[in-house]
Amino acid sequence: MTAAPLHLAGHKLLLDPLGGAWWPEADTLIVADLHFEKGTAAARRGQLVPPWDTQATLDRLTLLLRRYHPGTVVALGDSFHDVHGPGRMAATDALRLRTMAEAHRFVWVLGNHDPTPPAGLPGLAVDTWEQHGLVFRHQAQQGAAPGELCGHHHPKASVETRAGRVTRACFVADQRRLMLPALGAYTGGLDVASHAIARLFPRGGRAFLLGQARLFSFSLGQMQHGAA
């Protein structure tokens, strides 16, 4: 596994191919858009999907925790797909998550899907969190000072390869902000060329596509013009 280094507002971050960001200086792991219990939310609307998304997302999070052993974990909002998600979790999944939250200091940034703190889970629930000049929020604010980390848009990008067109979740970054991919198993994504994402990076930047053991970096200009 090879993480990609990124410098943001004077701090070094490591972008992990699993979709999390590691901040060594602060002993902090950052993840975004876990969307626990999205599968059960879909089932309540009559959409038949396998109910294993929470387990798969917990598996990804477990791998990141084992890799970095963070003192603090910052979850950048939409950790649950809706406010009733914690009540729908299977007992085994709820125990796994609670065990994680007891072993590490969790900062639950609130998102649009989970605007209230997760009931009964250890940790700090906040709208925005600041640490050493970096600002952690769910949704990017246009015009924000350099040093913003956010989620919300579930960025993805497509590139042409010899085997055909490949689409992957990705990080998006410039000198001002880092947008993280969604870690949740059923989250889908929004293309980096979409206006909602492109307007937040008006001077360009880079997309870091998730691979099995490494990241693949392309300029946003290449992404927006379909070249690689």
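Helices (DSSP runs of H or I, at least four residues) and strands (runs of E, at least two) are numbered from the N terminus. Directly following helix H2, histidine 69 adopts a positive phi of about 50°. The model is predicted, so local features need pLDDT of at least 70 and side-chain atom pairs count only at pLDDT 80 or more, whereas totals for chains, interfaces and linings use all residues. Residues are numbered from 1 along each chain as its sequence is written, and side-chain values use heavy atoms, with hydrogens and water left out.

**Nonpolar cores**

- A nonpolar core is a set of buried Ala, Val, Leu, Ile, Met, Phe, Trp, Tyr and Cys residues joined through side-chain atoms within 4.5 Å; buried means under 20% relative accessible area, exposed over 50%, and partly exposed in between, with a 1.4 Å probe and protein chains only.
- The largest nonpolar core holds 26 residues, of which Leu149 and Leu178 touch the most other members.
- Elements giving two or more residues to this core include strands E1 (4-8), E2 (11-15), E5 (72-76) and E12 (164-173).
- E1 supplies the largest share of this core, 3 residues.
- A second, separate core has 22 residues, among them Leu29, Leu58, Leu64 and Ala101.
- Beyond its neighbours within four places in sequence, leucine 178 has contacts (heavy atoms within 4.5 Å) that include Leu6, Leu13, Ala21, Leu149 and Phe171.

- Helix H2 (residues 53-68) comprises 16 residues and spans 23 Å from its first C-alpha to its last, close to the 22 Å expected at 1.5 Å a residue, where the expected span is 1.5 Å times one less than the number of residues.
- Buried residues of H2 include Asp53, Leu58, Leu61, Leu65 and Tyr68.
- The axes of H2 and helix H4 (residues 91-103) approach within 10 Å and cross at roughly 25°; axes are lines fitted to C-alpha atoms, for helices over the stretch in contact, with angles from 0 to 180 degrees between N-to-C directions.
- H2 and H4 are therefore roughly parallel to each other, a class that covers angles under 35 degrees.
- Where the two helices meet, H2 contributes residues including Thr54, Leu58 and Leu65, and H4 contributes Asp93, Arg96, Leu97 and Met100.

**Alanine 125**

- Alanine 125 lies in strand E7 (residues 124-126) and counts as partly exposed at 30% relative accessibility.
- Its C-alpha atom is separated by 9.8 Å from that of proline 115, 10 residues apart along the chain.
- Apart from neighbours within four places in sequence, alanine 125 is in contact with Trp108, Leu110 and Pro117.

Conventions:
Parallel < 35°, antiparallel > 145°, perpendicular 65-115°, else oblique.
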